[in-house]
Amino acid sequence: MGQDPLSSIIQLFGQLYVFIIVLRFLLQVAKADYYNPICQAVVKITAMPLAPLQRIVPRPANLDLSPLILAFLVNIAIWAVILLIKGQGIGGNLSAVLVLSGIGVLNTILDIYFYAVIGAVIISWVAPGSYHPGPQLIIQLTEPLFALARRVIPSLGGLDLSPILIFIIIQIARSQLGSLTHYLL
């Protein structure tokens, strides 16, 4: 986006908030324990800006899509502020900003799953069955993904290869999104 410190700070805090918003969506999709203290913190941090969207966004199959829409809107706001700081208007760059904002949300989903899968693998080695809220949440977040991957690659004598398949898919998706981003910039 830019090399100046103000743009970097805006991007850092904006992306951190997008991360939290997308995490709320993914925790809902994974049906993670709502009463987990980490889930409660994520819900509290995102509740106020999501409230108006939750009233107007339909819920197909009882799935709340408003966090994804909010993450998309926050990404648009990040790009708009950075373009304004650089003295450019958003009008001439609107289509690129919209596409880049959508790519940003998809990249955030991939990042969350990438690090959650790494965490789940480490937890399975060092603290399997941990009752701490952090490891429990990571396992709850990744287990639906592992279950899908296990349908493609069954475990081999107790060796679960599903994380490898997930990493490969994430890397392919990242490279495709990176190519698209490079093309737009």
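1. Largest nonpolar core. This core has 39 residues, and V22, L26, L27 and L141 touch the most other members. A nonpolar core here is a set of buried Ala, Val, Leu, Ile, Met, Phe, Trp, Tyr and Cys residues joined through side-chain atoms within 4.5 Å. Buried means under 20% relative accessible area, exposed over 50%, partly exposed in between (1.4 Å probe, protein chains only). Helices α1 to α6 each supply at least two residues, and α4 gives the most, eleven. Helices are DSSP runs (H or I, at least four residues), numbered from the N terminus.

2. Basis. This is a predicted model: local features need pLDDT of at least 70, side-chain atom pairs count only at pLDDT 80 or more, and totals for chains, interfaces and linings use all residues. Residues are numbered from 1 along each chain as its sequence is written, and side-chain values use heavy atoms, without hydrogens and water.

3. Second core. A separate core of five residues includes I76, W79, V97 and L100.

4. Salt bridges. The whole structure has four. The criterion is a side-chain nitrogen of Lys or Arg within 4 Å of a carboxyl oxygen of Asp or Glu. R174 pairs with D111, with the closest N and O atoms 2.6 Å apart. R174 lies in α6 and D111 in α4, so the pair ties together parts 63 residues apart in sequence.

5. Network. Salt bridges link E143, R150 and D160. E143 meets R150 at 2.6 Å, N to O. For D160 and R150, the closest N and O atoms are 3.0 Å apart. D160 is partly exposed, at 29% relative accessible area.
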